[in-house]
2 protein chains.
Amino acid sequence: MAKKDSKILDKSTEEKIKSAARLLFQQKGFAATRTRDIAQESGINLALLNYYFRSKEKLFELIMMEALTGFFAVLKSVINDSNSSFEDKLDLLVETYITRLLVNEDIPMFILSEIRSNPKALLKVINAERLMIDSVFIHQLQKQIEAGVYKPIHPNHFLMNFMGLTVFPFVAKPMILHLGDGNETEFRKHLEERKRLIPIWIKALLNT
Amino acid sequence: MAKKDSKILDKSTEEKIKSAARLLFQQKGFAATRTRDIAQESGINLALLNYYFRSKEKLFELIMMEALTGFFAVLKSVINDSNSSFEDKLDLLVETYITRLLVNEDIPMFILSEIRSNPKALLKVINAERLMIDSVFIHQLQKQIEAGVYKPIHPNHFLMNFMGLTVFPFVAKPMILHLGDGNETEFRKHLEERKRLIPIWIKALLNT
DNA sequence: ACTATTTTTAATCATTTGATTAAATTAAAT
DNA sequence: ATTTAATTTAATCAAATGATTAAAAATAGT
């Protein structure tokens, strides 16, 4: 069959479309992205988008699913490991997330803004209900609190603090660059610093 | 002239359109909002949107401008007051912002996601370049650091921490509700608590 | 009451946009 | 080499969308 071998070529075309779609969807969102822009960006004929992915919606779902998977895979693998301490997990999560987000800065805004347009559908596919709150990570935090290592705090506050300190800089990057000083390079430098600082800060919060 | 007195009625129609536009633009963003949806939501004829506001773009700019003004007016009035201390400003900013955002939860996401689509244009109209970094607020922080009250920290880190702790919960609300536990009511309760907690936490960070 | 002005409406336009089709091209199989 | 299947292309479609227009209705001024 022709299909089998040409799959290598198919993949190359498919991948070109996916890359362009990823770029545009993540930058401008679903509604503001035109299929023609995806075609142009990937240098393919418009019809190939539908040939390979059936529709703009299906292509979007694919891109979003991959983004979500990537984003939550890290989380899921780390937070339920019973062999590492709470503090180890904290270090690892901050380090891993900042590293990944520095490579793909648009991911958080992409996910959050599409959740805003379509909360139910997207949150369903994420399949992460109570993921954090029922995790070993949070249980370990609660043990530490019971042991008097940290002061009491509601897990939701902890979650907001952790995510706020770690991912907010990426969500608000243009505004932060505008209100503050510094440039692209400074931004990256500060985020490298935050890998070390955020765990320290979080522990300070937990002692307050 | 008819115009003068009927302005009262005009305003009512104009205001109906603006309210609907505000609701939809803030919920779905510019690109995903249809003028027909605005017309339907406000119960007016589609043509009136163009009659009063010329175009979807112009209407959007108006709504966005008002959102930005509201958002930054607070900031501007607080951060350059030389009669209050750093700590007073911190308390006031957190308190004021959380109160306002609890009334209009979509504002941060609205602003941030539109900045993402159109950074230059929007950041220009905000007219807040270096607003934070050159403020009395940040200068007072630096004085306190010099005086040994707080440990050294780069102003951009402070800015990220402050905004991350305060506004991120609103940006990520659906995800936080999903990953954590609790409902709408719990969310509001936690944000009320954060009015008190965030200033304490920030000071803890500054001592670390 | 009459006129002028403003506001509202229904119908329509032009463009954009996602998608499809039929033909052409390329690659694979025999 | 010929046939078959897969891929690509140019042209086109139908629906959606922002905007306009001309007429009708409402309001204000005299």
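**Notebook: exposure, helix faces and backbone angles**

I looked up R54(B) and found that it is exposed, with a relative accessible area of 66%. The model I am reading is predicted. R54(B) sits in the loop that joins α3 (46-53) to α4 (56-79) in chain B. I noted that R54(B) has a positive phi of about 70°, although it is not a glycine. Most residues other than glycine have a negative phi, and I therefore recorded this angle.

I then turned to R130(A), which also is not a glycine and has a positive phi of about 60°. R130(A) belongs to the loop between α7 (119-126) and α8 (136-146) of chain A.

Next I examined helix α7 (residues 119-126) of chain B. Which of its residues are buried? I listed L122(B), L123(B) and I126(B). Viewed down the axis of α7(B), the buried residues fall within an arc of 95°, so they line one face of the helix. An α-helix has 3.6 residues a turn, so residues three or four places apart point the same way. On the other side of α7(B), I found K120(B) and K124(B) exposed.

Last, I checked the surface for charge. K28(A), R34(A), K28(B) and R34(B) gather there in a patch of positive charge. Of these I followed up K28(B), which lies in helix α1 (residues 2-28) of chain B. K28(B) has a relative accessible area of 34%, and I therefore recorded it as partly exposed.

Key. Residues numbered from 1 in each chain as written. Chains lettered and ligands numbered in written order. Predicted model: local features only at pLDDT ≥ 70, side-chain atom pairs only at ≥ 80, totals over all residues. Heavy atoms only, no water. Patch = residues over 30% accessible without salt bridge, like charges linked within 9 Å, V, L, I, M, F, W, Y side chains within 5 Å. Areas by Shrake-Rupley, 256 points an atom, 1.4 Å probe, with all protein chains shown as cover. Salt bridge = Lys/Arg side-chain N within 4 Å of Asp/Glu carboxyl O. Lys, Arg positive; Asp, Glu negative; His and termini not counted. Charge placed at Lys NZ, Arg CZ, Asp CG, Glu CD. Helix = DSSP H or I, 4+ residues; strand = E, 2+ residues; numbered from the N terminus. Buried < 20%, exposed > 50% of the residue type's maximum accessible area, 1.4 Å probe, protein only. Arc of directions from axis to C-beta.
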